[in-house]
Amino acid sequence: LADIRDAVSSNRLAVSLTPEGHQEKPRFLNNLGNALQTRFDRFSNLADLEDAISSNRLAVSLTPDEHPDKPTCLKTLGSALQIRFDRVGELADLKEAISSHRLAVSLTPDGHPDKVTRLSSLAIALEIRFNRAEELSDLEDAISNSRLAVSLIPNDHPDRPGHLTNLGNVLQSRFIRLGELADLEEAISCKRLAVSLTLKGHLDKPRLLNNLGSALQKRFDRLGELADLEESISSHRLAVSLTPDEHSDKPILLNNLARALKSQFSLNGDHADIQNAISYAQEAAHSVSAPSWIRLQGAALWAEYCLLASLSTLSAFDYAINLLPRVAWFGISVDDQYAFLAEICQVTRDAVSAAIFEGDVMRAIEWAEQGRSIVWQNLVSLRSMPDELLNQHPQLSDIFTRLQTISRQLEKSADVQTLSDGLQVTNAIDHRMKLAGERDELINMIRSTPGQENFMRPNSLQHLATAARNGPIVFLNLAPTRCDALVLTNDKGTGRVVNIPLERVTFQKAEDLSGKFVQLLCSVGIGTRDFRQPRFKGKGKNAEAGFKDILHILWTDYVQPIIHGLGYTVTEKRPPRLWWCTTGSLAFLPLHAAGWYDTAAEIGDRLSDYVVSSYTPSIAALFDQSRPTLSKSPRILTVAVSNTPGKPLPSTEREVESLRRLATNMQTVSLKNEEATKSRVLDELVRCNWAHLACHGVQVGGKPMSSGLILDNEEKLELSEIVKMRLLNADFVYLSACETAVGDQGIPEESAHLAAGMLFAGFRGAVATMWAIKDSVAPRVAEDVYRHMLNDGKADREEAVYGLHEAVRKLRESGEAFESWVPFIHIGC
């Protein structure tokens, strides 16, 4: 400990004493970066790694390309960036690391003793990016560089084992991707040789043993040879025993040993194996030195193995759920947060299912809320700074002030992935991570104050229940073990949770139904993510029969049990309200339209006979937030873009003109075509109470923050820009465009769509669309909705859902096809 501290201090002093422009300055900076990186490896303090990257980056910038030290500086920088990517998952770090390693290789002449190490470092970074983005070209490039490194290093070189195991790793990755057993056989040979060449006591021995154990586990999974599993377990066990408890790699080794022991338990049923697996996974989950995503893996394994051992899983899942915000961390970009969440979305569903199974429905609904819309929750927390706490604890005023400042800076931070200047990108990433780290420290300081232990922690059931003041919120949870509806109600201020098992539903049936629905949309020409004027080509009765079949299944298997369980009866008067909060494949199915639409159907065979449906991205989105009282003449913005090149929307102008005639008691600001520039729309949104946006819309798969509305001159108002707005006067928005409530298939729990973004920006309620809509139908729906909302000369946002309910009924009864009226939905209050 003293040695590494002295090393950092000495190198820092050397840098400070060296004048700018001195030829040794870059070398001293590089040495400081190395020392800081070593201290990070030992103590996992992210500030050390950030300082190392700053020092390394400055060393690179000060060293000319022709200088012999340039490749060394580049390699050191690449390694530090790669470590930070492993820690927090910022993809821009990995991209820069690969560029640094590639340049280091290109600047290193053939025959140079460091060429091998630089080739291997490049190969490792490329393999990591392959595992994230699954571009096969990265993997082939990694194998090529790794093979070259092994071929260049002498057989008796002490670093040969490391390069052999790296080659084995990339070959194993190709086996996983392509399934060629020859790749796995070669990987095992490389890794076994690496272990045999490494002396006892070498620092790399645990890593090499772990890599060998993982490859042997893969071959056991493929061929079922018991000897492979036994050798895998012994390799993993030895790797764990040789690694100090505080080492940042220890949790990875523990997780791998736990997996191997679970495989052995599945073979022989020895409960000692599963008990040990639980213990190792639990230890990994509790390791504060590990990256959050590694700890989450440990918690998930802990829960899985407890289930196998017929033990309670609640402690394990509680740990996993609380780690989710740490995985989707403020310090990384929103796109990278979504990428992590796409890999772990099943954890919340499994946790909720486990809590229901163990009879703890209160915990189930709290977890259900805590584990969905995590990115939205993170962003909301940046705007949540309760003033009353400052009044109660004036001694914390400096901490609160700093926390508010950092939160505002994080909220306004640019999407650095889109910046063109490389230095600007890297500086923005570094700055954001430092801010996020400081914010975490400030929150922990506040929580250490007596009475503030729960500061900015998840909402309790008592608080969540306030969101159900106007009607029940139905949370649908699909898991491999069971499928349930959790209904949150508010009975005179007391929260109550009702569990309604969906006995006719299985996880696989729901997946199949969702796939069938996607195929149906494709068959009628709207599966290609077209714009507001889709090519509806479904003809005959095939498409109609398909919609009837799916909506009938949604009714009998999913919705009807809930309606009956809650005791609803058919009403011809004003139906009560109900909110849907969906998970998994159900997030893309039209629950609101569930029913039997055969000619023999009667009153009571459809959901709309009992309730009016809304959706919500989370329970918290329905909290009764303080709003300015609307004036007698509220302000409404209308936008109509009818002249988009190649995709005209002639009905949009008629649509907003109809609205203008109805909104006689509102201040109307109308932007049409060339007036509807992005800057003008953004300016007017800040001033308006209501907004009606009639234009093209698009959901971008895989990059939801790039989804947006197409305005004049094909400018796109993106979701990433919408969520940065604070619309203090906003009340209601009507998104008369396609795909404004679609979301991303990879992250169904996140509600990563335009309508949810509008709610986050400040609107309380919205009308949106689940897929493409007809240009000829859109004005009819909008007119009926606004006629309802503007009845008796008042502007009443809460009437939007009833107006939509009536508008859709009229469309349906007029004979319009299912695909014309089903996509319209209401979201929010």
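Me: Where does Met456 lie?

Reply: Met456 lies in the loop between helix 21 (422–447) and helix 22 (461–464), where helices are DSSP runs of H or I with at least four residues, strands are runs of E with at least two, and both are numbered from the N terminus. The model is a predicted one, in which local features need pLDDT of at least 70 and side-chain atom pairs count only at pLDDT 80 or more, while totals for chains, interfaces and linings use all residues. Residues are numbered from 1 along each chain as its sequence is written, and side-chain values use heavy atoms, with hydrogens and water left out.

Me: Why is Met456 called partly exposed?

Reply: Buried means under 20% relative accessible area and exposed means over 50%, with partly exposed in between (1.4 Å probe, protein chains only). Met456 has a relative accessible area of 28%, and it is therefore called partly exposed. Met456 also has a positive phi of about 60° although it is not a glycine.

Me: What makes Ser751 count as buried?

Reply: Its relative accessible area is 9%, so Ser751 is called buried. Ser751 is placed in the loop between strand 12 (732–736) and helix 28 (754–761), and it has a positive phi of about 50° although it is not a glycine.

Me: Why is Asn255 called buried, and which residues does Asn255 touch?

Reply: Asn255 has 1% relative accessibility and therefore counts as buried. Asn255 lies in helix 12 (residues 250–268), and, leaving out residues up to four places away in sequence, it touches Ala281, Ala284, Ile294, Gln297, Gly298 and Leu301, where contact means heavy atoms within 4.5 Å.

Me: What makes a set of residues a nonpolar core, and which members touch the most others in the largest one?

Reply: A nonpolar core is a set of buried Ala, Val, Leu, Ile, Met, Phe, Trp, Tyr and Cys residues joined through side-chain atoms within 4.5 Å. The largest such core has 255 residues, of which Tyr558, Trp580, Leu685 and Tyr786 touch the most other members. At least three residues of this core come from each of domain 1 (473–620) and domain 2 (628–828), with domain bounds taken from an automatic or database domain assignment. Apart from its neighbours within four places in sequence, Trp580 is in contact with residues including Val474, Leu476, Ile562 and Tyr615.

Me: How do you know that domain 1 and domain 2 are in contact?

Reply: In domain 1, 38 residues are in contact with 47 residues of domain 2, and the centres of the two domains, taken over C-alpha atoms, are separated by 23 Å.

Me: Why does the radius of gyration of the protein chain agree with that of a compact globule?

Reply: The radius of gyration is taken over C-alpha atoms, and the globule rule is 2.2 Å times the number of residues to the power 0.38. For 829 residues a compact globule would have a radius near 28 Å, and the protein chain has 29 Å, so the two agree. The C-alpha trace spans about 85 × 65 × 60 Å along its principal axes, and 56% of the 829 residues count as buried.
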